[in-house]
Amino acid sequence: MEKPVSLFKIGGSIITRKNSYRYFREKVASRIVNEILKFEGEKIIVHGGGSFGHVKALEYGIPGEITPDRLYGASLVHNDMIDLSNRVAGLLLSMDAKPYIFSTSSLMKEGTLDCKDPVAYMKKGLVPLLFGDTYISGNKVLIYSGDKIMLDLSKLLRPSIVVFLSDVDGIFTDDPKENPDAKLLPRVKHSEGIKAKGKDATGGMKLKLDTLLEVKRYSNKVYLINGKFPERMRKTESQEFKGTVIE
Ligand SMILES: Nc1ncnc2c1ncn2[C@@H]1O[C@H](COP(=O)(O)OP(=O)(O)O)[C@@H](O)[C@H]1O
Ligand SMILES: [Mg+2]
């Protein structure tokens with residue numbers, strides 16, 4: 001019998017402080033990773049960039065046409081993302097898990113992500129770790145987001161559960177950080193009537209919501225949960241669950 005596959009996306013917003021360049025929230029990341037490891041079966045972990053990605057991506061105008069300056073930015077962001085990934089992998093190793101980092105830019109083949117190797121490594125018992133990253137295609141410096149990687153992996157693996165951890169309790173009617181009247185939506189079926197402006201280099205919540213709805217086609221269980229309370233991941237079936245279920 002095939003083992004159940006679980007996919008996790010750790011938002012950059014939750015494991016870094018999004019406005020201070022390269023600030024890693026180690027304790028939060030550690031608690032998240034610890035909860036993820038409680039899931040049975042095979043798993044892949046993807047993480048975002050937060051202040052290891054978005055600060056310099058915005059500063060160097062990425063995405064955009066290739067210029068010497070922008071190439072320097074791509075190099076810098078890629079290096080910082082590898083650093084962040086190393087930190088997450090270090091936490092996993094300290095908990096006796098077997099992370100294996102795959103660099104997104106190395107998996108990019110003509111604009112599509114080739115996930116065959118990460119999947120093969122997962123089947124051997126490793127925990128593939130992927131991350132949103134810059135890459136070069138044609139005459140452009142581009143970004144492949146962690147959320148997009150989640151969609152690619154979902155299509156390929158048809159996972160039994162997909163969890164997105166972010167820095168908010170779930171999807172709200174509007175940005176909860178800007179609108180105090182925004183209401184948490186326990187269930188979301190479509191993006192109509194939801195206000196979700198994108199602020200960072202990968203489109204923020206607007207694009208995430210569209211991606212979540214698409215991921216839902218490939219998995220029965222898709223959730224957006226606050227990474228500050230990672231134990232909520234194990235309560236998705238209970239009455240007291242706090243978060244958003246994608247339907
Ligand atoms: N309707 C909404 N519901 C929830 N969050 C929203 C909404 N609109 C905008 N946001 C913002 O989206 C942010 C999460 O997106 P993002 O920073 O890209 O997180 P991640 O690092 O998980 O990808 C939240 O911090 C919140 O301020
Ligand atoms: Mg994001």
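Let's start with ligand 1. Of the 22 residues around it, the ones that come nearest are G11, S13, S166, D175 and M205. A residue counts as near a molecule if its C-beta atom, placed from the backbone, lies within 6 Å of it. Before I go on: this is a predicted model, where local features need pLDDT of at least 70, side-chain atom pairs count only at pLDDT 80 or more, and totals for chains, interfaces and linings use all residues. As for labels, residues are numbered from 1 along each chain as its sequence is written, while chains are lettered from A and ligands numbered from 1 in the order in which they are written.

Back to the shell around ligand 1. By type, its residues divide into seven nonpolar, seven polar and eight charged. Here Ala, Val, Leu, Ile, Met, Phe, Trp, Tyr, Cys and Pro count as nonpolar, Asp, Glu, Lys and Arg as charged, and the others, Gly among them, as polar. Which helix gives the most to this shell? That's α8, with three residues. Both α1 and α8 (204-215) supply at least two residues each.

Okay, zooming out to the whole chain. You'll find eight helices and 13 strands in it; these are DSSP runs, with helices being H or I of at least four residues and strands E of at least two, numbered from the N terminus. The radius of gyration is 17 Å, close to the 18 Å that the globule rule gives for 247 residues, so the chain is as compact as a globular protein of that length. That radius is taken over C-alpha atoms, and the rule is 2.2 Å times the number of residues to the power 0.38. Along the principal axes, the C-alpha atoms fill a box of roughly 55 × 45 × 35 Å.

How much of the chain is buried? Buried residues make up 44% of the 247. Buried means 20 or more other C-beta atoms within 10 Å of a residue's own, exposed means 12 or fewer, and partly exposed is in between, again with C-beta atoms placed from the backbone. Then there are contacts, where two residues have their C-beta atoms within 7 Å. Of the contacts with a separation of 6 or more, 69% are between residues 24 or more positions apart.

Now the inside. In soluble globular proteins, nonpolar side chains tend to be buried together. The largest nonpolar core here has 59 residues, and I45, V163 and L165 touch the most other members. A core like this is a set of buried Ala, Val, Leu, Ile, Met, Phe, Trp, Tyr and Cys residues joined through C-beta atoms within 7 Å. Helix α4 brings the largest share of it, seven residues.

Take I45: leaving out residues up to four places away in sequence, it touches F8, I10, I36, V127 and L129. One of those, I10, sits in strand β1 and is buried, with 27 other C-beta atoms within 10 Å.

Last stop, a few loops. P186 is in the loop between β10 and β11 (187-188), and it's exposed, with 12 other C-beta atoms within 10 Å. P186 and V245 are 59 residues apart in sequence, but their C-alpha atoms are 6.0 Å apart in space. For another proline, look at P63, in the loop between α3 (54-59) and β3 (64-65): the peptide bond from I62 to P63 is cis, with omega near 5 degrees.

R22, at about 60 degrees, lies in the loop between α1 and α2 and counts as partly exposed, with 15 C-beta neighbours inside 10 Å. E110, at about 45 degrees, is in the loop between β5 (108-109) and β6 (112-113), and is exposed, with 7 other C-beta atoms within 10 Å.
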